[in-house]
Amino acid sequence: MNLFNLKGKRALITGGTHGLGMAMADGLASAGAELVITGTTPSKMEDALNHYRGQGFTASGYLFDVTNEEDAKKHMDIIAKEIGDIHILVNNAGIIKRELAITMPVEDFRRVIDVDLVGPFIMSQLVAKQMIERKEGKIINICSMMSELGRNSVSAYAAAKGGLKMLTQNLATEWAKHNIQVNGIGPGYFATSQTEPIRVDGHPFNEFIINRTPAARWGDPEDLAGAAIFLASKASDFVNGQVVYVDGGILATIGKPSNED
């Protein structure tokens, strides 16, 4: 079990103030990691730190926008001085804007690319400089099933997440010689506060997800913890440039015929 022990490691999770980022942070902390959380909303940060510390985890929070290179660098310098080096980076912060490609404002398209793709590049570059000096590090990019598939009204998100998959592979290629592993997690459809309104019997999208997923259910946020711990630990020291899809099997199948149970 020492392969999965994160004691003595410090994990920075961008956007770790809620949702799937919080679920992965919980998993990393339960394996022994010290948490460093970033976000942009003071109230969410306060609630998140209360959540982590209430479970006995060691957690610190910093408010900054990961797409602002200057601000991100300033805060990473502060974190290094106040807490120390980062051993594990989880690039989780992201947004989605649902709009048909034909009508989507270009500024909205650019903003999604900026947060979901440029932000992870900025943070990876900053943290990798520490990791290269130390000759050790783990970077986990939160990709998506849209890294592999298109879907109506999410052209910017799919473009960003497809790019993030290729960024993951390229960073792994460049930094593997420094004993840095860069991998990704691609979540499927999860039961979060955002999806709660549609996760009700009779809702068309709820029925679609349950019927489309071989596991026949929405993912529980805790289902991501194992993948995060694996990719953050010694257990994955020779795994590099991969995306682990935690999707209940959706990407493994084209779906069942309508006449099958």
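Start by selecting Lys 9, which is partly exposed at a relative accessible area of 24% (buried means under 20%, exposed over 50% and partly exposed in between, with a 1.4 Å probe and protein chains only). Before you click on, note that this is a predicted model, where local features need pLDDT of at least 70 and side-chain atom pairs count only at pLDDT 80 or more, while totals for chains, interfaces and linings use all residues. Residues are numbered from 1 along each chain as its sequence is written, and side-chain values use heavy atoms, with hydrogens and water left out.

**Stop 1: salt bridges**

The term stands for a side-chain nitrogen of Lys or Arg within 4 Å of a carboxyl oxygen of Asp or Glu. Side chains of opposite charge can pair when their charged atoms come close. Lys 9 sits in the segment before strand 1 (10–14), and Glu 136 in the loop between helix 4 (106–134) and strand 5 (137–142), so you are looking at a link between distant parts of the chain, 127 residues apart. Helices and strands here are DSSP runs numbered from the N terminus (helices are H or I with at least four residues, strands are E with at least two). Glu 136 is partly exposed too, with 32% relative accessibility.

Now pick Arg 10 and Glu 34. Another salt bridge joins these side chains, at 3.3 Å from N to O. Arg 10 is in strand 1 and Glu 34 in strand 2 (residues 34–39), and this pair also links distant parts of the chain, 24 residues apart. Is Arg 10 buried or exposed? At 14% relative accessibility, Arg 10 counts as buried.

Move on to Asp 223 and Arg 217, whose closest N and O atoms are 3.1 Å apart in a salt bridge. Asp 223 is partly exposed at 33%, and Arg 217 is partly exposed at 42%. Next, select Asp 65, Arg 111 and Asp 114 together: salt bridges that share partners join these residues into one network. How many salt bridges does the structure hold? The count is 11.

**Stop 2: aromatic rings**

Show the side chains of Tyr 189, Phe 205, Phe 208 and Trp 218, which form one aromatic cluster. Rings of Phe, Tyr and Trp (its six-membered ring) pair if their centres lie within 6.5 Å; planes under 30 degrees apart count as stacked, over 60 as edge-to-face and the rest as tilted. By this rule there are 4 aromatic pairs. Take Tyr 189 and Phe 205: the ring centres are 5.6 Å apart and the planes stand at 75 degrees, so the pair is edge-to-face. Tyr 189 belongs to the loop between strand 6 (180–187) and helix 6 (204–212), Phe 205 to helix 6, 16 residues apart.

With Tyr 189, Trp 218 makes an edge-to-face pair, because the centres are 6.3 Å apart and the planes at 85 degrees. Trp 218 lies in the loop between helix 6 and helix 7 (225–232), so the pair ties together parts that are 29 residues apart in sequence. Trp 218 counts as buried, at 9% relative accessibility.

**Stop 3: two positive phi angles**

Most residues other than glycine have a negative phi. Click Lys 135 in the loop between helix 4 and strand 5: this non-glycine has a positive phi of about 60 degrees. Lys 135 is partly exposed at 47%. Then jump to Asn 179, in the loop between helix 5 (155–175) and strand 6, where phi is positive at about 65 degrees although the residue is not a glycine. Asn 179 counts as partly exposed, at 35%.

**Stop 4: helix 4 and helix 5**

Switch to cartoon and select helix 4 and helix 5. Their axes come within 8 Å and cross at roughly 15 degrees (axes are lines fitted to C-alpha atoms, for helices over the stretch in contact, and angles run from 0 to 180 degrees between N-to-C directions). That makes helix 4 roughly parallel to helix 5, a label for angles under 35 degrees, with over 145 counted as roughly antiparallel, 65 to 115 as roughly perpendicular and the rest as oblique. For the contact (heavy atoms within 4.5 Å), show residues including Phe 109, Phe 121 and Ile 132 of helix 4 and Tyr 157, Leu 164 and Trp 175 of helix 5.
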